Amino acid sequence: MIYLQLFISYLKIGFFGFGGGYAMLSLIQNEIVEQRGWITASEFADIIAVSQITPGPIAINSATYIGYTIGGIAGSAVATFAVCLPALTIMLLLTRFFLLLKSNRYVSGAVAGMKPVVVGMIAAAALLLMFPQSADEANFIDGWSWALFALTLLGAYKKVNPILLILFSAVAGIVVYM
Amino acid sequence: MIWQLFISFFRIGLFTFGGGYAMIPLIEREVIDRRGWVAREEFLELLTIAQSAPGPISLNTSVFVGYKVRGLLGAVAAILGVVIPSFVVILIVAIFFANIRHNEVVDAAFKAMRPAVVALIVAPVIGLAGTLNLWLVAVAALVAVAVWWLGWSPIYLLLAGAAAGIAWSVWSARKEGRG
């Protein structure tokens, strides 16, 4: 039963994963944290952090990680397979009928219409991590949190490698919180 | 050829951290310059499609390159190549993370990594909002509030956005036809 739920949840995430990794965070958050309640907001932030410093797209990483947390190795395989399935089938169809779609008015209209939604979804993912529903899931716990947030934002703006930014904050955390 | 596809994409999957757009230059180098599997022009055209299709961009790109080179089997080989490194690494992390999660040092590091992660998500929002006009920024803000505050599912909002986009393009095409 848990495997079927995992499969359906990640199939949905894969199917509606327009706008790439960060936009998919919002889908994952809505499905896994809010609706299913499988993990907390802090655990979700931890998974994103791990995902930033390991290879591969965040959608795959989160599927593997959450799948394992909920259903062991089989669960991780089910979730990873489910999140890949829509990409595989849809891209096969698109590659095959590429020329028909290239200048299709409906397709380009739909893509343009989804763009502001995708931007809003990424913003929502960030807001939910900043202000989770219950206080004990807080990711911003003191002034240091906001300082690290500001520093990392500046670093990202200056195009510093995200792995370095995450590792820097890890070291800062060990210094500050130990 | 199938094996070659798998190995090439395995390498791409293994060496791209942070995912997504970081992978594109690596894929370009491997499949265009090194292997000559796809012409650059065709690659760029298909990349546009891969960006508008659902799913991670690296996955979508691996599917179309694999398909172009060796059909359905090629697509499956390429997607497996991209997924397996990340699957194995995360599985190992997940297995060991449960044991070290309550370690004092790990806990301190993660406390600090969480706000940093949020900053990495906020950064592209600012960049993307810059490409939208004022009306669309307002739409994006409404979507953010609906998902964040009201807990609406992003799926319905995506569908509504697609429908509105189609209606808009049909409407403006009709207006053009009349004028």
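Guide: Gladly! Domain bounds here come from an automatic or database domain assignment. This is a predicted model, where local features need pLDDT of at least 70 and side-chain atom pairs count only at pLDDT 80 or more, while totals for chains, interfaces and linings use all residues. Residues are numbered from 1 along each chain as its sequence is written, with chains lettered from A and ligands numbered from 1 in the order in which they are written.

Visitor: What distance separates the centres of domain 1 and domain 2 of chain A?
Guide: Chain A splits into domain 1 (2-134) and domain 2 (140-178). Taken over C-alpha atoms, the distance between the two centres in chain A is 25 Å.

Visitor: How many residues of domain 2 of chain A are in contact with domain 1 of chain A?
Guide: Two residues are in contact if their C-beta atoms, placed from the backbone, lie within 7 Å. Domain 1 of chain A brings 4 residues to this contact, and domain 2 of chain A brings 5.

Visitor: Which helix of chain A supplies the largest share of the side that touches chain B?
Guide: Helices (H or I, at least four residues) are DSSP runs, numbered from the N terminus. The contact joins 93 residues of chain A to 81 residues of chain B. Helices that each supply at least two residues of that side of chain A include H1 (2-15), H4 (58-96) and H6 (105-130). The largest share, 23 residues, is from H6(A).

Visitor: How many charged residues does that side of chain A have?
Guide: Ala, Val, Leu, Ile, Met, Phe, Trp, Tyr, Cys and Pro count as nonpolar, Asp, Glu, Lys and Arg as charged, and the others, Gly among them, as polar. On the side of chain A that touches chain B, 65 residues are nonpolar and 25 polar, and the charged ones number 3.

Visitor: How are H2(A) and H4(A) oriented, roughly parallel or roughly antiparallel?
Guide: Axes are lines fitted to C-alpha atoms, for helices over the stretch in contact, and angles run from 0 to 180 degrees between N-to-C directions. H2(A) packs against H4(A) at about 25 degrees, the axes being 9 Å apart. Angles under 35 degrees count as roughly parallel, and over 145 as roughly antiparallel. So H2(A) and H4(A) are roughly parallel.

Visitor: At which residue does H5(B) bend?
Guide: The bend at a residue is the angle between axes fitted to the seven residues ending there and the seven starting there. For H5(B) this angle is about 25 degrees, and a proline, Pro115(B), follows within four residues of the bend, which lies at Met113(B).

Key. Parallel < 35°, antiparallel > 145°, perpendicular 65-115°, else oblique.
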